[in-house]
Amino acid sequence: MTYQLPKSFKNCLTCTYWCGMRRLILMERYAETNDSNTKGMCANRDGFYHLEMSAFSSCSQHESMPALRD
């Protein structure tokens, strides 16, 4: 099963600082992962820096990926 989130969702999967496995689909309107348990390191010094975060976690320092379109 795949999981897709648009830019409007403020989760790690759509954040520019999240370093987990994902891909952009449907003309860069969605970020997608194959597993709901996908994790990746946070690279945001103002967020959860160097912590392993789930793709569906969120924080107040979220910044949407510039490649994702509205």
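Q: Why is glutamate 28 called partly exposed?
A: Glutamate 28 has a relative accessible area of 30%. Buried means under 20% relative accessible area, exposed means over 50%, and partly exposed is in between, using a 1.4 Å probe and protein chains only. The value of 30% falls in between, so glutamate 28 counts as partly exposed. Please keep in mind that this is a predicted model, where local features need pLDDT of at least 70, side-chain atom pairs count only at pLDDT 80 or more, and totals for chains, interfaces and linings use all residues. Residues are numbered from 1 along each chain as its sequence is written, and side-chain values use heavy atoms, with hydrogens and water left out.

Q: Why is histidine 50 called exposed?
A: The relative accessibility of histidine 50 is 51%. Exposed requires over 50%, so histidine 50 passes that cut-off. Histidine 50 sits in the loop between β4 (39–41) and β5 (52–54), and here too phi is positive, about 65°, although the residue is not a glycine.

Q: What makes glycine 47 buried, partly exposed or exposed?
A: Glycine 47 has a relative accessible area of 27%, so the label is partly exposed. The place of glycine 47 is in the loop between β4 and β5. From C-alpha to C-alpha, glycine 47 and serine 58 are 9.6 Å apart in space and 11 residues apart in sequence.

Q: Why is threonine 33 called buried?
A: With a relative accessible area of 3%, threonine 33 is under the 20% limit and is therefore buried. Threonine 33 belongs to strand β3 (residues 30–33).

Q: How do you know that threonine 33 makes a polar contact with threonine 38?
A: Their side chains are 2.7 Å apart at this contact. A polar contact is a pair of N or O atoms within 3.5 Å; within protein, one must be able to donate a hydrogen and the other to accept it, and residues adjacent in sequence count only if both atoms are side-chain atoms. The distance of 2.7 Å is within 3.5 Å, so the pair meets the distance rule.

Q: Which residues does leucine 68 touch, leaving aside neighbours within four places in sequence?
A: Contact means heavy atoms within 4.5 Å. Among the residues in contact with leucine 68 are Lys7, Leu24, Glu28 and Ala31. Lysine 7 is 61 residues away from leucine 68 in sequence, yet their C-alpha atoms are 6.0 Å apart.

Q: What makes leucine 68 part of a nonpolar core?
A: A nonpolar core is a set of buried Ala, Val, Leu, Ile, Met, Phe, Trp, Tyr and Cys residues joined through side-chain atoms within 4.5 Å. Leucine 68 counts as buried at 2% relative accessibility, and is found in the segment after β5. The largest nonpolar core has 11 residues, including Leu68, Leu5, Trp18 and Ala31. In soluble globular proteins, nonpolar side chains tend to be buried together.

Q: How do you know that there is a cavity?
A: On a 1 Å grid over the protein atoms alone, a cavity is a set of points where a 1.4 Å probe fits but cannot get out. Grid points are joined across faces, edges and corners, and a volume is the space filled by probe spheres set on the points. The count comes to one cavity of 30 Å³ or more, and the largest cavity has a volume of about 80 Å³.

Q: What kinds of residues line the largest cavity?
A: The lining divides into seven nonpolar, four polar and no charged residues. Lining residues have an atom within 4 Å of a point, and among them are Asn11, Cys15, Trp18, Phe48 and His62. Ala, Val, Leu, Ile, Met, Phe, Trp, Tyr, Cys and Pro count as nonpolar, Asp, Glu, Lys and Arg as charged, and the others, Gly among them, as polar.

Terms used: On a 1 Å grid over the protein atoms alone, a cavity is a set of points where a 1.4 Å probe fits but cannot get out, and a pocket is an open set with protein on both sides within 12 Å along at least five of seven lines; lining residues have an atom within 4 Å of a point. Helices (H or I, at least four residues) and strands (E, at least two) are DSSP runs, numbered from the N terminus.
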